[in-house]
Amino acid sequence: MHYFSPDFSFFDNSIVAGMAQQQGDEMEYAADDNEMAEVEDDMYFSGRVFGDSESESDDDDEYDSMENRMTDTSAAEARKGKDIQGIPWDRLSISREKYRQTRLEQYKNYENIPHSGERSEKECTPTHRGGKYYDFWQNTRSVKSTILHFQLRNLVWATSKHDVYLVSSYSIIHWSSLNSKRSEILNVSGHVAPCEKHPGSLLEGFTQTQISTLAVRDKLLIAGGFQGELICKYVDRPGVSFCSRTTYDDNAITNAVEIYDHPSGAVHFMASNNDCGVRDFDMERFQLSKHFSFSWPVNHTSLSPDGKLVVIVGDNPEGILVDSQTGKTVKPLCGHLDYSFASAWHPDGRIFATGNQDKTCRVWDVRNLSKSIAVLKGNLGAIRSIRFTSDGRFMAMAEPADFVHLYDAQSGFEKEQEINFFGEISGVSFSPDTESLFIGVWDRTYGSLLQYNRRRNYMYLDCM
């Protein structure tokens, strides 16, 4: 994984600022060289949102007054023609369709291996678009989702069809769509220390943790940080239960966390780190139970439903399927052309998927891993997040920006619904009951939380 010292200035840009500059059909959104000084090469943020932030200062008052007039968008308003993000296209000098086309043509996908996106196209599986599986429900502008690392997008987690947790600057926020209430669950801008004593817990805690990844399941919340930090908190208890630093390696960033039920009945979580390690923690005893090392930085792991196999992907075109007890390789996963940052298992324990910077998601069947059974193509860039519904019916595949694809797994991934908007994607999450899909959108002005609800035959109630 590309490593750099994070800086909030990377993200000081705005859809409104970018579009207010437009004259006729000309669009300009090259990256600000000063903003990108921390990042090598032409980062993928060079095509990130609606414009170059350099020119924002001239019209700040105009943008601020426009932002103050912005409101949330409901399903009823969207049916009447309102843009789901509240972008006032009728007041802009470019149409949504024209801007979408320009985005598709000019967005730069970040690649560790040059031209991987172009070379992957010939293998892609044709799909039928036009599916309608989830309907837009609401866009909440008061919930601002933020991103600290351009490759890590696991920062949104739903625990019910109404409850979702996300990272907003130095805070982890809970949002209830049922009562439209926003509350801060954990603030890591200052000093955070555990209020419980467990062997191996860092009692001194951490200061100013920069959150790189998040996982929430049931009542357990785990945040990973740029210096290998792990902060464990039960959302129904005051304080923090456990703090650990996985490694003191210079390249220690916690890339991903997965919470799961161990066969013993205890809750465990697995952490993937840039020091090439995968660590398993027992949350009943708050102890490190396993530590496996690999030959390249691990960006994401997914444990099979039966707990026997783990998908490992990272800074290597080939992923691996390993034995969860020994860490030994069962089978290599050959096909991707760049580094991978996402993985997920289908609930049936037979199918799993991996997401890569070559703009593809590959779907695999454990019964025959000689080749993937489907190669699904993104529009703009890398596949940074993958999620299956708990019933196995649908799979969500998120690009870095603008597009979330929903595939019908029952049809063999041949049918899809494409959700499109404008802005960077901080994460996607289905609710455990499959009824809701939440999408975090980062932007200085239009940052928000999108909610889609599963299409049901009784949706006529909404019309009433």
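Leaving aside its neighbours within four places in sequence, Ser212 is in contact with Leu152, Leu155, Gly224, Gly225, Phe226, Ile253 and Thr254, where contact means heavy atoms within 4.5 Å. Ser212 lies in strand 10, which spans residues 211-217, and it is buried, with a relative accessible area of 2%; buried means under 20% relative accessible area, exposed over 50%, and partly exposed in between, with a 1.4 Å probe and protein chains only.

The structure is a predicted model, in which local features need pLDDT of at least 70 and side-chain atom pairs count only at pLDDT 80 or more, while totals for chains, interfaces and linings use all residues. Residues are numbered from 1 along each chain as its sequence is written, and side-chain values use heavy atoms, with hydrogens and water left out.

Taken as a whole, the protein has six helices and 31 strands, where helices (H or I, at least four residues) and strands (E, at least two) are DSSP runs numbered from the N terminus. Of the 464 residues in the protein, 60% are buried. Among contacts between residues at least 6 apart in sequence, 54% join residues at least 24 apart. The protein exposes about 18400 Å², of which carbon and sulfur atoms supply 46%; these areas come from the Shrake-Rupley method with a 1.4 Å probe, and for residues only the protein chains shown count as cover.

Helix 4, residues 96-106, has Tyr99, Arg100, Thr102 and Arg103 as buried residues. They cover an arc of only 165° around the axis, which puts them on the same side of helix 4, the arc being that of the directions from the helix axis to the C-beta atoms. An α-helix has 3.6 residues a turn, so residues three or four places apart point the same way. What covers the buried residues of helix 4 includes strand 28 (401-408) and strand 29 (415-430), whereas the face turned away from the buried side carries the exposed residues Glu97 and Glu105.

In the loop between helix 4 and helix 5 (116-120) lies His115, whose phi is near 65°, a positive value in a residue other than glycine. Most residues other than glycine have a negative phi. His115 is partly exposed, with a relative accessible area of 46%.

Ser169 lies in the loop between strand 5 and strand 6; although not a glycine, Ser169 has a positive phi of about 60°, and it is partly exposed, with a relative accessible area of 35%.

Confidence in the model remains to be described. The mean pLDDT of the protein is 86, and 84% of its residues reach 70 or more, pLDDT being the predictor's confidence in each residue, from 0 to 100. Over residues 3-14, however, pLDDT stays under 50.
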